[in-house]
Amino acid sequence: MQKGKLLVISGPSAGVGKDTILKMFLQKHPDWSMPPSVTTRAPRMGEIDGRDMTFVAEKQFKNWQAEGKFLEAVLVDNNKWYGTLRAPVEELLEAGKNVILRKDVRGCMLIKKTMPEATLVFIAAENLEILEQRIRARGTEDEVSIKRRLNLAKSEMAYQDKFDYMVVNPSGHPEKALAEIEDIIQNA
């Protein structure tokens with residue numbers, strides 16, 4: 001049996017449309033699997049444990065980390081851990097199933113070390129000004145948060161050359177970015 005493909009998408013933490021593209025991708029490709037990430041943060045409104053994320057106490061997360069159960073685990077700026085359990089991903093790939101993950105840039109770099117066969121795709125906005133417009137258009141953050149997100153985005157953009165591919169998500173046309181990703185997986 002042929003092993004499945006592992007596609008990992010990332011990009012700046014806000015405003016590039018990763019979630020929109022991912023939702024479109026999974027609707028169009030229901031044969032791809034996306035195991036939920038594990039986190040120590042509390043569930044957000046509407047999130048379901050085991051479907052959207054797996055929510056665990058920090059002690060459990062640290063135990064799993066010490067046991068080597070994660071492909072990647074990173075501490076994010078709000079002091080909460082996020083990670084990807086190794087077993088579900090490896091089991092799906094060994095069964096010939098394709099897997100897609102959405103990770104931050106640091107998590108992607110860790111996955112590439114443990115699974116060099118992974119295809120990493122960096123999603124970007126046309127430029128930093130467009131990214132700022134998208135973040136502001138959400139209307140969900142104050143000025144301090146916006147500035148923090150933009151500074152974080154600049155540091156995350158420095159990783160784009162370490163990815164296998166970069167895809168620009170043009171404003172208002174995520175289907176174009178989706179088509180590029182589909183081309184990438186055809187050739188991966």
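Helix α4 (residues 105–114) lies across β1, β6 and β7, with contact meaning heavy atoms within 4.5 Å. α4 runs at about 155° to β1. Axes here are lines fitted to C-alpha atoms, for helices over the stretch in contact, and angles run from 0 to 180 degrees between N-to-C directions. Helices (H or I, at least four residues) and strands (E, at least two) are DSSP runs, numbered from the N terminus.

This is a predicted model: local features need pLDDT of at least 70, side-chain atom pairs count only at pLDDT 80 or more, and totals for chains, interfaces and linings use all residues. Residues are numbered from 1 along each chain as its sequence is written, and side-chain values use heavy atoms, leaving out hydrogens and water.

Now the sheet. It is open, with 4 strands in the order β6-β1-β7-β8 and parallel pairing; two strands pair if DSSP finds at least two bridges between them. β6 (99–102) and β8 (165–168) each have a single partner strand, so one side of each lacks a neighbour in the sheet. Inside the sheet, β1 (residues 6–10) pairs with β7 (residues 119–124) over 4 bridges. I9 stands opposite V121 in β7. Helix α3 (residues 86–94) lies across β1 and β6, at about 150° to β6.

Helix α7 (residues 174–187) comes next. Its buried residues (under 20% relative accessible area, 1.4 Å probe, protein chains only) are P174, A177, L178, I181, E182, I184 and I185. They cover an arc of only 160° around the axis, which puts them on the same side of α7; the arc is that of the directions from the helix axis to the C-beta atoms. β1, α1 (18–28), β7 and β8 are among what covers them.

Definitions and conventions
Buried means under 20% relative accessible area, exposed over 50%, partly exposed in between (1.4 Å probe, protein chains only).
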